[in-house]
Number of protein chains: 6
Amino acid sequence: MAKDDINDDEVAREKSARYQKGWEALTAIHGETGMAVMEEMKKTSPEMAACVIEYAFADHYARPGLDIKTRELCTIASLVTQGGADRELEAHVTAALKAGATKQEITELILQMTIYAGFPKALHAMRVVMDAIEGA
Amino acid sequence: MAKDDINDDEVAREKSARYQKGWEALTAIHGETGMAVMEEMKKTSPEMAACVIEYAFADHYARPGLDIKTRELCTIASLVTQGGADRELEAHVTAALKAGATKQEITELILQMTIYAGFPKALHAMRVVMDAIEGA
Amino acid sequence: MAKDDINDDEVAREKSARYQKGWEALTAIHGETGMAVMEEMKKTSPEMAACVIEYAFADHYARPGLDIKTRELCTIASLVTQGGADRELEAHVTAALKAGATKQEITELILQMTIYAGFPKALHAMRVVMDAIEGA
Amino acid sequence: MAKDDINDDEVAREKSARYQKGWEALTAIHGETGMAVMEEMKKTSPEMAACVIEYAFADHYARPGLDIKTRELCTIASLVTQGGADRELEAHVTAALKAGATKQEITELILQMTIYAGFPKALHAMRVVMDAIEGA
Amino acid sequence: MAKDDINDDEVAREKSARYQKGWEALTAIHGETGMAVMEEMKKTSPEMAACVIEYAFADHYARPGLDIKTRELCTIASLVTQGGADRELEAHVTAALKAGATKQEITELILQMTIYAGFPKALHAMRVVMDAIEGA
Amino acid sequence: MAKDDINDDEVAREKSARYQKGWEALTAIHGETGMAVMEEMKKTSPEMAACVIEYAFADHYARPGLDIKTRELCTIASLVTQGGADRELEAHVTAALKAGATKQEITELILQMTIYAGFPKALHAMRVVMDAIEGA
């Protein structure tokens, strides 16, 4: 498949119902900051941006069965545990607050993560999270 | 410090307000299964059992600021992400159900974890979680 | 959304072009064993099976730009590094052989992983991989 | 390079001063159990066994500058932290005891690992370690 | 529970015997740098600072059964293995030197970690550790 | 063993056939950039530099049985999965291109890693990889 065909594929991809559904979920959850991050990723890799929008947002966050606030808190728990994802951690703290989580709920969660992820990861996360809360 | 002094310390430790507060939280959240696991761990290592009861349960789960259902779902997210903790995963699925989480909320969470923890960990967790839900 | 609507969604999902494309890629790469694993996963969680077929197989393995043999060897490298995924490791060793990788290429890769994933993970992987090669 | 040449290489490899030095260190630290594990690994993959003997034992454990007891305790700390290495964990507990570590030193270390590796990994390790101590 | 009650709890917490015991262990092991790090963390999250002082220092480092030098070397092994904890790694290298570890013992440990944590983590740690040794 | 003896050992080490074989493989695969990184590491820790040259390059990359292009792509897969190794990731992207991998093969691999390593690690890797490709 030639490079031009791939570019054509990407254009078609963005017009699909799945992509549109994902973009709407992204916008509703992460607002203008989330849109800006995706526009930036599209310049780096349109395929990667499409994977995020289609798989993470259309196939998961847009599904019923678990409210966005709980989804965001669980994502924070996963990010603290794997470490090395400060950028995503900040974005999901902002999204959790937007979905109705309180500052106290988020900090209680980080404290609880000392049990499961260990202290070095939880201590680092507390610094990142408090900065994101101040900036929100 | 001689071995006997350490044993005396353990006896005193179990009488402390902190240990009692932790044991109550453990009982409320994990029921008889949780108590049995801790009695078994006390035979292996009374110090380790005391750390779990005092630190995890008295210092964290007994704190206000985040409800037990959300704490349990976030713990599940962390356990799926780090992998290798099937025993804890089962226990926290049972505790999440006991705290009012639905089967669908838990399975949605595991599906969402494909995004953050990757497919191999989420696929394995889905098998463990579905067994725990059946057995609950 | 009621449970019946979700089941209807799953039926519609399996008829989609994306699901069909993924199922074809799965069949071509993993053969009857892969189909059996997916049928089993569908009983545990039809949503999880659909995520694997649609996202892993339709959105990635079916894409041009990287041959299946190289994709499989890179997947093996990732699985050895994260650990705890013996079942997937076996399946991808079988798929790598089917795609034309030699036994020696796979064992060289596992030896090389001592450098990046450390010896405990590589030693364990060598045992799993050699069993999979014998059984292939 | 043909398969026979590789086998010839392995024979030559085992005669090298580096291999011999590693084998002596392995024998001194892990005794007959360690030798048996390596003989088993040689049947699975002679190259992997040679990597362990040459790199781990000749290039590291045989070096001066850090005593074997401390090396073993640090290895245990690393294994608890990465998880999924029960077999190595047992072997290094036995080696630590052989090098003069006390049962109490090893269990204190596992308790301390709750701080850095998190409770699920430390709890699992305590079970494995206590079994290894009983069996030693 | 209102915010003021939580603040009152924190004040009471710092007066407890457990907190005082932890603060003394922290001061003895990490000196003025450790105290400064904790004062900084108290501004970010007094609860997190209390968890570190009470759980890590009062409940573990202040316990008999394993000397501080060995505790510090094992902590370094754990931090190298999990990665992403440069700040803690520096602090524990300084503490290990203060507890009597030699520069050579620490660098031998980092070399040994190539076996268990893999080369990328050990190479990165060697850079961080050598900087901490120079600055000590 | 005194410090001078260790320095003498290092000088002898660099003259060995194994070290020379490793240095040649390093030069062939990573070119002048790789040599510069090793010269820098020799100033930080000559023993660590020797471990990389001898173990990674002489004992693995110089072995037959797996071509350098595939070795480099598999190393990239491992580095994305473990995270926290941007410096090595850049170096191995450059080496993969030098060994004949195309830009598209590398980006397809990073996209595929969303499945196994999760999105946060793959998204971060895509940014690092695209920078390395631009700079190559």
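How much area is buried between chain E and chain C, and what share of it do carbon and sulfur atoms give? The answer is about 440 Å², with carbon and sulfur atoms giving 68%. Buried area here is the accessible area (1.4 Å probe) that two parts lose on being put together, summed over both.

Before we go on, a word about what you are looking at. This is a predicted model, in which local features need pLDDT of at least 70 and side-chain atom pairs count only at pLDDT 80 or more, while totals for chains, interfaces and linings use all residues. Residues are numbered from 1 along each chain as its sequence is written, chains are lettered from A and ligands numbered from 1 in the order in which they are written, and side-chain values use heavy atoms, with hydrogens and water left out.

Let's stay with chains E and C. Six residues from chain E and six residues from chain C take part in the contact, where contact means heavy atoms within 4.5 Å. On the side of chain E, the residues that lose the most area to chain C are Ile115(E), Tyr116(E) and Phe119(E), together 64% of what that side buries. Helices are DSSP runs (H or I, at least four residues), numbered from the N terminus.

Now turn to chains B and A. Here the contact takes 30 residues from each of chain B and chain A, and the two chains bury about 2700 Å² between them, 59% of it on carbon and sulfur atoms. Glu108(B), Gln112(B) and Tyr116(B) supply 23% of the area that chain B buries against chain A, more than any other three residues. Four salt bridges are found across this interface; a salt bridge is a side-chain nitrogen of Lys or Arg within 4 Å of a carboxyl oxygen of Asp or Glu. Arg71(A) and Glu108(B) meet in a salt bridge through their side chains, at 3.0 Å from N to O. The elements of chain B that give two or more residues to this side are helix 3 (46–61), helix 4 (68–82) and helix 6 (103–117).

How do these two copies fit onto each other? The same surface serves both copies, as 100% of the contact residues of chain B recur in chain A.

Finally, look at two single residues. Ser78(D) sits in helix 4 (residues 68–82) of chain D and counts as buried because its relative accessibility is 0%. Buried means under 20% relative accessible area, exposed over 50%, and partly exposed in between (1.4 Å probe, protein chains only). Leaving out residues up to four places away in sequence, Ser78(D) touches Ala77(E), Thr81(E), Met113(E) and Tyr116(E). Val128(E), in helix 7 (residues 119–135) of chain E, is also buried, at 10% relative accessibility.
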